[in-house]
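Colleague: I would like to go through this model with you. Please show it, and I will ask as we go.

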Amino acid sequence: MRVSNHSLVVVPPTWTTCVRWTAFGVASAIGACTAPASLGPEAVNEPSLRDGSALMRGRPSWSPPAKTLGDSTALAEAVEGSSLARLKIVSDDAADGGDELRVAMEAWLSRRISPRAQTQGEVSIEVEVTVRELGARTSNLRVRQVGDCEPLRQWFALHETLEIARHSAALEALQDALRTQAQATLTSSTSWRALEGASLENSPLETSAARTRCQSAAASLYDRLTACEGKADACVDTPTVTLDGAVALTRVDPWYPDRETCLAELGAPAREFEAWISALADRGVEVLAAQPSLPALDRLARTRWLFEALEDLCVPRRRVVESHEVDRLNNLLDTYGDLYGVAAVQTPAVERSEGVVYVAGRGTMRELGRTRPTSVARQLESLVQDFRAVSEGLGHCDAASGAPLEIVVAREGVEVLRTELFPEQLWCTPDPAAQ
């Protein structure tokens, strides 16, 4: 069984979530959800619609968000120029007395304090640095965020919207063909009409909540099929084209979440309906495989995995992100963009499949068919795995699991700085003096 919790595109919080990335809703969705032409203070050029190879080109500046407290630079400035430092550690852990914290803080100070022998007329400047582990006393901390993924997320969403608009006519034609095929076979069949009686029959077994739900589902399904018989646009139970990591054929499962119970309880009428759907799926696979836009749709659908990886990366975390790490991610995005342009020339095969998928805006659905990845599509998937691997190690530092620190700096008994810092802001930040 395939279980997927993914929709096609990451929609930025500033957008409405009305987008439904299935073929039957594309036209209206594009009109209702329009991407901004300018992303904040930085204008972004619109991606090319000619071949889609501009996916990563011209993207705005971005950086993975990190959680931070005070300014470590201000602390460095407060102790700068001192020749002596007296360190006081206040720890709630009586067992170790803050020994690990003391060692780390002394190492940090040693890189900024320059002890020297006193000479005539020279005065030693001494600072007192008091460090307290805040532990659980963090509810009032003013956690800030540095870095922002939003420009890149909006850039991706803009590209996605334009690509969907480019192929909306083909998607709608696909869905029309599937609905028309369903209506034609429904009109010539009578077996599905037994669903009306199945919804009214008394069960020979003790009536249960599941049985009641199955009867209700059969009655609702009968009404929908009756509407489909009279109007193709009403055929909502037929196979639908969904872009979800691949171009997939999906359909509503009228028996969810009691599928096995309903098939057993309702008997022949339910089995006849499932056989009808299976025959439609066989035909749907043939229709989908003959679609000229299939290569472009397939690469677009597979980009969903990259968007998901980006979404995970864009969750603010305690970390210190260095520029070379962002450069490495951008290099992977550039390579992905190059391969994305190539992917449109390889036509994927379409095959029948069975599984369960979750489609945003539609809920849990049954999968009936799916495109098999081409060689380039597999390279795209490999790049996404590399992107995730780099993302997961981004800004990794063991200190990020430590308790926040309150640090007070005093000169000649006068407090000059009181700040709160995450330990990674000190231990994980490259030392400028060592560069």
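Colleague: How are H4 and H6 oriented to each other?

Modeller: This is a predicted model, in which local features need pLDDT of at least 70, side-chain atom pairs count only at pLDDT 80 or more, and totals for chains, interfaces and linings use all residues. Residues are numbered from 1 along each chain as its sequence is written, and side-chain values use heavy atoms, with hydrogens and water left out. Helices (DSSP runs of H or I, at least four residues) and strands (E, at least two) are numbered from the N terminus. The axes of helix H4 (residues 150-187) and helix H6 (residues 209-230) come within 9 Å and cross at roughly 105 degrees, so H4 and H6 are roughly perpendicular to each other.

Colleague: What do axes and the angle classes stand for here?

Modeller: Axes are lines fitted to C-alpha atoms, for helices over the stretch in contact, and angles run from 0 to 180 degrees between N-to-C directions. Angles under 35 degrees count as roughly parallel, over 145 as roughly antiparallel, 65 to 115 as roughly perpendicular and the rest as oblique.

Colleague: Which residues in H6 meet H4?

Modeller: Contact means heavy atoms within 4.5 Å. On the H4 side are Gln183, Leu186 and Thr187, and on the H6 side they meet Leu225, Cys228, Glu229 and Gly230.

Colleague: At what angle do H7 and H8 pack, and what is that called?

Modeller: Helix H7 (residues 259-266) and helix H8 (residues 268-289) have their axes 6 Å apart, with an angle of about 120 degrees. That makes H7 oblique to H8.

Colleague: How many charged residues are in the contact of H7 with H8?

Modeller: Arg259, Cys262, Leu263 and Leu266 in H7 meet Ala268, Pro269, Ala270, Arg271 and Glu274 in H8. Ala, Val, Leu, Ile, Met, Phe, Trp, Tyr, Cys and Pro count as nonpolar, Asp, Glu, Lys and Arg as charged, and the others, Gly among them, as polar. By class, this contact has six nonpolar residues, no polar ones and, as charged residues, three.

Colleague: Which residue pairs with Glu274 in a salt bridge?

Modeller: A salt bridge is a side-chain nitrogen of Lys or Arg within 4 Å of a carboxyl oxygen of Asp or Glu. Glu274 in helix H8 has a partner 15 residues apart from it, in helix H7. With 2.8 Å from N to O, the partner is Arg259.

Colleague: Are Glu274 and Arg259 buried or exposed?

Modeller: Buried means under 20% relative accessible area, exposed over 50%, partly exposed in between (1.4 Å probe, protein chains only). Both Glu274 and Arg259 are buried.

Colleague: Which residues are linked in a network with Arg418 and Glu415?

Modeller: Arg418 and Glu415 meet in a salt bridge of 2.9 Å, N to O. Arg418 is partly exposed at 47% relative accessible area, and Glu415 is partly exposed at 43%. The network of salt bridges also takes in Arg132 and Glu406.

Colleague: Where does pLDDT stay under 50?

Modeller: pLDDT is the predictor's confidence in each residue, from 0 to 100. The mean over the chain is 81, and 79% of its residues reach 70 or more. The stretch under 50 is residues 1-50.
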